[in-house]
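Student: Could you go through this chain with me, please? I would like to ask questions as we go along.

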Amino acid sequence: MGEKRMTPNEKVAYLKGLMAGLKLEDSTDDTAKVLKGIIDVLGDLAQEIDDVADYVDELDEEVAELGEIVDRIDDDLYDDDDDDDDDFFEDFDEDSEYYEVVCPKCGDSVCVSEEILLEGSIECPNCQKLLEFDFSTLTADDINDSDDEDSED
Ligand SMILES: [Zn+2]
């Protein structure tokens, strides 16, 4: 006899079928009442187990989703740490604010801290052109059009 694996719900349904076959449904016999009562309780328990199993499945999915989100956040947080060994910007203090300035001479972009910006000028690390910051009119264009004070003629 092939014994298939049944869920608690299916087993209870099977027992109910047997009960029906015994024609004890309407019996007033105490034994029949006890049997009926036991099967009813089993039915309730089986249903609750089913509900709990569904709930566990849902939680499982949610936990998996949360795990993926945490992984993504993790990646974002630690992405930058991987390649900063020889990074030009590695000495910069993370608490300060930085501005990107494009050198008008060589086109290199230079990361400038707020302090340097306040000092008013910095040498381009690539071509050594003096980049000056004029706060009254400071814009990206302004730096590009900066006057020819160090032009050689
Ligand atoms: Zn330059």
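Tutor: What follows is a short talk through this chain, from its overall layout to single residues. This is a predicted model, in which local features need pLDDT of at least 70 and side-chain atom pairs count only at pLDDT 80 or more, while totals for chains, interfaces and linings use all residues. Residues are numbered from 1 along each chain as its sequence is written.

Student: How many helices and strands are there in the chain?

Tutor: The chain has four helices and four strands, where helices (H or I, at least four residues) and strands (E, at least two) are DSSP runs numbered from the N terminus. Read from the N terminus on, the elements run α-α-β-β-α-β-β-α.

Student: Is lysine 16 buried or exposed, or something in between?

Tutor: Lysine 16, which lies in helix α1, is partly exposed because 16 other C-beta atoms lie within 10 Å. A residue is buried if 20 or more other C-beta atoms lie within 10 Å of its own, exposed if 12 or fewer, and partly exposed in between, with C-beta atoms placed from the backbone. Buried residues make up 2% of the 153 residues in the chain.

Student: Then which residues does leucine 24 contact, leaving aside its neighbours within four places in sequence?

Tutor: Leucine 24, in the loop between α1 and α2, is in contact with Met19, Ala32 and Leu35 once those neighbours are left aside. Two residues are in contact if their C-beta atoms, placed from the backbone, lie within 7 Å.

Student: Switching to the strands, how do β1 and β2 pair?

Tutor: Strand β1 (residues 98-102) and strand β2 (residues 109-113) pair in the antiparallel sense over five bridges, and two strands count as paired if DSSP finds at least two bridges between them. Glutamate 100 stands opposite cysteine 111 in β2, while valine 102 has serine 109 as its bridge partner. The hairpin has six residues between the strands, and glycine 107 takes a positive phi near 80° there.

Student: Where is glutamine 128, and why is it called exposed?

Tutor: Glutamine 128 is in the loop between β3 (121-123) and β4 (130-132), and it counts as exposed because 10 other C-beta atoms lie within 10 Å. Its phi is near 70°, a positive value in a residue other than glycine. Most residues other than glycine have a negative phi.
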